Amino acid sequence: MLHTKAGGQLLPLRPEPVIVEEKSASSPQPPPPEEEREKSRSLATVVLNVSDDVSTDVIYPGRYMATVSPAETPQFAFADDAAFNARLKSKQVMPGSVIVGGKNLGCGSSREQAVSCLKGHELVIIAKGFARIFLQNSINLGLRTIICPELEASEGDELELGVTEVLNRTTGKKYPTIGLPKSRQAIIDAGGLIPYTRQRLIGAVA
């Protein structure tokens, strides 16, 4: 293109320089979900230690089966352990406290109350292994469960809970965990199947 200078002389028109902003290679990127969750490591105290094959009847005795409301079931958690049940009902056990179990925790019946009574106290359950139905009920109700096959911990121990390991700060020992599939963990993180579904529906509408 040309433009006319004073005096009638034609000169080429210089194009304006184009400034391209390049993203710096060092620009911070959001961490992956696992790394983000690893940052939220939490501390918790072991308030109860149970053995292998603890059944749902121990967690929630069958004589209370007629009570099904999640708002009412927590009062009967470990009802046959009078001392621990009293601590739960008197709020001496803080939310986020840990129950440590052995293998096959939650075996026996499929009663959902065995999960809702623990969820009502916002306990964290760490076991060497869970019975299949108990684990699925825990996912559906948003009860935080951690599979840690090698964990050794006693009542009163302080644990540091991470995504891939549990650190027993009392003994200084670390124990690897077995993570749930991401789709199942997402349900627990959302607080259970109903809150998870609600979030998905709201997200789809938005």
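Which residues in α6 meet which residues in α7? A186, I187 and A190 of α6 meet L193, P195, Y196 and Q199 of α7, where contact means heavy atoms within 4.5 Å. The model is predicted: local features need pLDDT of at least 70, side-chain atom pairs count only at pLDDT 80 or more, and totals for chains, interfaces and linings use all residues. Residues are numbered from 1 along each chain as its sequence is written, and side-chain values use heavy atoms, without hydrogens and water.

**Helices α6 and α7**
- The axes of α6 (residues 182-190) and α7 (residues 193-205) come within 7 Å and cross at roughly 100°.
- That makes α6 roughly perpendicular to α7 (65 to 115 degrees).
- Axes are lines fitted to C-alpha atoms over the stretch in contact, with angles from 0 to 180 degrees between N-to-C directions.
- Helices (H or I, at least four residues) and strands (E, at least two) are DSSP runs, numbered from the N terminus.

**Strands around β4**
- From β4 (residues 98-101), V98 and V100 point one way and I99 and G101 the other, and all are buried (under 20% relative accessible area, 1.4 Å probe, protein chains only).
- β3 (residues 42-49) runs parallel to β4, joined by three bridges; pairing requires at least two DSSP bridges.
- V98 in β4 has V46 opposite.
- β5 (residues 124-127) pairs with β4 in the parallel sense over four bridges, and I125 in β5 is the bridge partner of I99.

**T56**
- T56, in helix α2 (residues 56-59), is buried at a relative accessible area of 2%.
- Beyond neighbours within four places in sequence, T56 has contacts including P61, C107, R111 and F134.

Terms used
Angles under 35 degrees count as roughly parallel, over 145 as roughly antiparallel, 65 to 115 as roughly perpendicular and the rest as oblique. Buried means under 20% relative accessible area, exposed over 50%, partly exposed in between (1.4 Å probe, protein chains only).
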